[in-house]
Amino acid sequence: MTPLKSSRRKMLAAREDLVDKISEIARKRGTLYDYVNEVLQEAIRADSLGASLREIIDERGVVKDAKDSGFILVPARLWYDLIDRAYSHLGEDWMRALWYECGQWYGKYYEDLDRFSAAVKRLLWDLSEFDLSAEGEYLVVKCIILNSSYSHADLLGKFIEGALDIFGYEPFSEDISKGVVNLRFRRRVSG
Amino acid sequence: MGRRLQKETKLVRVYGDLVDKLNEASNREGISFLDYINSALEQAVRAHKMGRSLKDIVDFYEMMMMQREAGLVMVPSEVLNRITERFYPNEKNMLESMWYESGVWYGKYLLVKVKREDPTDVFGEMLKATGWNIKDVVLERRGEKLTFKCFSLMLSLENTALLMRFIEGVMETLGYEVISQNYLRGVIEIEFRKTTKVDLSSIINKKLGV
């Protein structure tokens, strides 16, 4: 962002403890004046991107976590094409097992159902909707996938099933069609 | 309340031009001007604790938005690797052609989207942000020639070959013709020459089988 230059300087009020912390940071980088202006320019830039600085920093944490856990970025067209071909050439069962196992891995990685659900919402950019909620004794998962094929919907269902297996849920019913995944789970009875 | 607030606040000097914009942004967020300023400073402290500048973090966010807009999706690398391992021995050409085509599409996106910077530089930065554990992307320019080097500690030999085809697709769309290329596991080196769009569309169409 090009720094805004102005001969007119204005005074702004801010919380004292924050100004003190910012002064400490600024001391290592230059002047307090330059640093505060840099921060506020980034806040305006964030606003122009449709987010707050808090949201942007939160998002970075989620993406970093995703990369650490082995998520990578791939062109969607390539991915869908590859999935479709693998589904028909390598076999539905092999692919389903692969996605189920992968779901289990992420279930273990995120450890907690809410964290897993939040990660799916933030990371699976091709989901226009993802809802995981309790309905009586059941856990209901509803997903709408953009530009998807049946194979992708089926495999996403297996991925979620694998993850929920780790959290102690077993599938009760499923309704999968092109672009739509509706799953119902219930607590597994141990023993 | 006013007096108490006054005691707990300090005044800082800012560019005059910023104030109106900050005011608009705080209105959009539906919070008071003071809360908005405090929140921005809090996030600067938070970023500092993460060892990053706010600029780096906002740059990264903007790049991720661009990746999303470019039609990239987050996928589990394990699934991609396992499918590639199974497919590659018998379907090498099919896979390479898919990756090349994807690169051509991505290159076209960059041509449309990137206006102020050199699209090849933006591509290098975007490649680093893909999560492929790419340690470095080096673009060495000598006149009409450009050497593209990419280093990753994570890529398998198969994925290195596929990524090379992707890069080839992007760069040819951006106006560079391949002179020579070679790869090792995790290392790609391609030498390109700047060429005309007319020449390139015939090269690309031929490779795509159009």
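Predicted model: local features only at pLDDT ≥ 70, side-chain atom pairs only at ≥ 80, totals over all residues.
Residues are numbered from 1 along each chain as its sequence is written, and chains are lettered from A and ligands numbered from 1 in the order in which they are written. Local features need pLDDT of at least 70 and side-chain atom pairs count only at pLDDT 80 or more, whereas totals for chains, interfaces and linings use all residues.

The contact between the chains takes 61 residues from chain A and 63 residues from chain B; two residues are in contact if their C-beta atoms, placed from the backbone, lie within 7 Å. On the side of chain A that touches chain B, at least two residues each are supplied by strand 1 (9-15), helix 1 (16-29), helix 2 (32-48), helix 3 (53-68), strand 2 (71-75), helix 4 (76-89) and helix 5 (92-110) of chain A. Helices (H or I, at least four residues) and strands (E, at least two) are DSSP runs, numbered from the N terminus. Helix 2 of chain A gives the most to this side, with 13 residues. By residue type, the side of chain A that touches chain B divides into 40 nonpolar, five polar and 16 charged residues. Here Ala, Val, Leu, Ile, Met, Phe, Trp, Tyr, Cys and Pro count as nonpolar, Asp, Glu, Lys and Arg as charged, and the others, Gly among them, as polar.

The two chains are also joined by strand pairing, for which DSSP must find at least two bridges between the strands. Strand 1 of chain A pairs with strand 1 (residues 9-15) of chain B in the antiparallel sense over seven bridges. Within this pairing, Arg13(B) is the bridge partner of Met11(A).

Helix 3 of chain A has 16 residues and reaches 22 Å from its first C-alpha to its last, close to the 22 Å expected at 1.5 Å a residue; the expected span is 1.5 Å times one less than the number of residues. Leu53(A), Ile56(A), Ile57(A), Val63(A) and Ala66(A) of this helix are buried, a term that requires 20 or more other C-beta atoms within 10 Å of the residue's own, with C-beta atoms placed from the backbone. These buried residues pack against elements of both chains, including helix 2 of chain A and helix 4 (54-69) of chain B. Just after helix 3 of chain A, Gly70(A) takes a positive phi of about 95°.

In chain B, the 17 residues of helix 3 should span 24 Å at 1.5 Å a residue, and the end C-alpha atoms are 25 Å apart, which agrees. Its buried residues include Tyr36(B), Leu41(B) and Gln43(B). Their cover includes strand 1 and helix 1 of chain A, together with helix 2 (16-29) and helix 4 of chain B. Gly51(B), whose phi is positive, near 80°, follows helix 3 of chain B.

Chain B also holds an open sheet of four strands in the order 3-4-6-5, with antiparallel pairing. Strand 3 (134-142) and strand 5 (176-184) of chain B stand at the edges, each with a single partner strand, so one side of each is left without a neighbour in the sheet. Strand 5 of chain B is joined by eight bridges to strand 6 (residues 187-194) of chain B, where Ile190(B) stands opposite Gln181(B).

Conventions
Buried ≥ 20, exposed ≤ 12 C-beta atoms within 10 Å, placed from the backbone.
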